[in-house]
Structure formats: structure tokens, C-alpha cells
Amino acid sequence: MNIVLSILLFLAVFVAFLLFLALVVKKKYFIQREIVINKPSDEVFDYIRYMRNQEKYNKWVLQDPNVKIEYKGIDGTEGFTSIWEGNKQAGKGEQEIKKIVENGSINFELRFEKPFKNVGQTYMHTTAVGKAKTNVKWTMEGRNSYPMNLFNLFIDNLLGRDLSTSLDNLKRILES
């Protein structure tokens, strides 16, 4: 009986610690990764502006071969929306092109329904760094409410790794 009580007390203290920690952890997160692709910036931009191309390089789409994706609108234009539902990791949600700055940037809004509800913003920026070299910068930012903001302690490492993998895939595709 003493062992059970000790375990319960430990768990209660641990949960209380996590809830306290969540009070002091930032609610906003910001993740950014970048890569240089050996292609002209207009060619790179013309590829990433089409959301359907993410099926070929986006790690989250690639991790679930059975993901169901529905599209609304004209791809490569503001308002185009991708609606997905997949396995537990891919979850369910939609992504909409909110703004396009020609040969510069694309702003997307991500609206998650599963595994949890949340809204985030992603940005893909292209910058010429030479005649046939382009820097692609992929940024994600958003907010996690208490106590989900505890994940912000790990989010840069976890999602940042996925962004890097996606950018590596993009580089491989465009340079081949």
C-alpha cells in the first residue's frame, strides 16, 4: 500500500510540475529552416507555388501513402485550399494559400482539426543567391494554448527536422 501511495504522490507532483511549467512557457512558437537549391529562383518559385507539388516533397504528406486529399480552387493562386485526412500522424485539416508575392513568397494558413485543433501560419520565401542558386526559407509560426504550450519546448526540434527533410526532398527533386 505504501508503494502505491508513493507512486500516486510522485505522479501528482509530476503533473503539478508540468502544469506549473506550462504557465511560464511561451505560447507562441517560431520555426525556420532553409536550404540553397541549384536552380534559378523563378524556376524554384514556380514549383513551390503549386500546392499539389507538396505531395512529392512534403514529409507530412509522404509519411501517409493513404492520406485522402481534396483540393478547392485554382492551384498556385490565392484561396487555393488543400483538405486532408490521414493517419494519426498526418491528422486532419486544411491548408490555404493566403498571399502570393511573385518570385518572392507564399503565405499559407494551416488549420488543424486532428489530432488537435489549432491554426498556424507557414511561409515559403525564395531569394536568388546567384545566377542559378536560390535560397528557400520555410517558416512556421503559431500559438499553442495552455497546457499544450508545453510542446513548444520541443516543437523547433521536432517540426524543424520535418521541415529540413521536406526541403532536402525539394532540393533533390528540383536538382535532378
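Here are some questions and answers on the sheet, the helices and the aromatic rings of this predicted model.

Residues are numbered from 1 along each chain as its sequence is written, and side-chain values use heavy atoms, with hydrogens and water left out. As the model is predicted, local features need pLDDT of at least 70 and side-chain atom pairs count only at pLDDT 80 or more, while totals for chains, interfaces and linings use all residues.

Q: In what order do the seven strands stand in the open sheet?
A: Helices (H or I, at least four residues) and strands (E, at least two) are DSSP runs, numbered from the N terminus. Two strands pair if DSSP finds at least two bridges between them. Here the pairing is antiparallel, and the order is β1-β7-β6-β5-β4-β3-β2.

Q: Which strands stand at the edges?
A: Look for a strand with a single partner, so that one side is left without a neighbour in the sheet.

Q: Which residue in β3 stands opposite Lys68?
A: Five bridges join β2 to β3 (residues 81–85), and the two run antiparallel. Across from Lys68 you'll find Glu85.

Q: What angle does the direction of α5 make with that of β1?
A: Axes are lines fitted to C-alpha atoms, for helices over the stretch in contact (heavy atoms within 4.5 Å), and angles run from 0 to 180 degrees between N-to-C directions. Helix α5 packs on the sheet, touching β1, β6 and β7. Its direction and that of β1 make about 25°.

Q: How far does helix α5 reach from its first C-alpha to its last?
A: The expected span of a helix is 1.5 Å times one less than its number of residues. With 21 residues (155–175), α5 would be expected to span 30 Å. The model comes close to that, at 29 Å.

Q: Is Phe10 buried or exposed?
A: Buried means under 20% relative accessible area, exposed over 50%, and partly exposed in between (1.4 Å probe, protein chains only). Phe10 sits in helix α1 (residues 2–24), four residues from Phe14. Its relative accessibility is 55%, so Phe10 counts as exposed.

Q: How many aromatic pairs does the structure hold?
A: Rings of Phe, Tyr and Trp (its six-membered ring) pair if their centres lie within 6.5 Å; planes under 30 degrees apart count as stacked, over 60 as edge-to-face and the rest as tilted. The count for this structure is six. One of them is the stacked pair of Phe10 and Phe14, at 6.2 Å centre to centre and 15° between the planes.

Q: How far apart in sequence are the parts that the pair of Tyr57 and Trp138 ties together?
A: Tyr57 and Trp138 form an edge-to-face pair, 6.2 Å centre to centre with 65° between the planes. Tyr57 lies in helix α3 and Trp138 in strand β7, so the pair ties together parts whose separation in sequence is 81 residues.

Q: Why does Trp138 count as buried?
A: Trp138 belongs to one aromatic cluster with Tyr47, Tyr57 and Trp60. Trp138 counts as buried because its relative accessible area is 4%.
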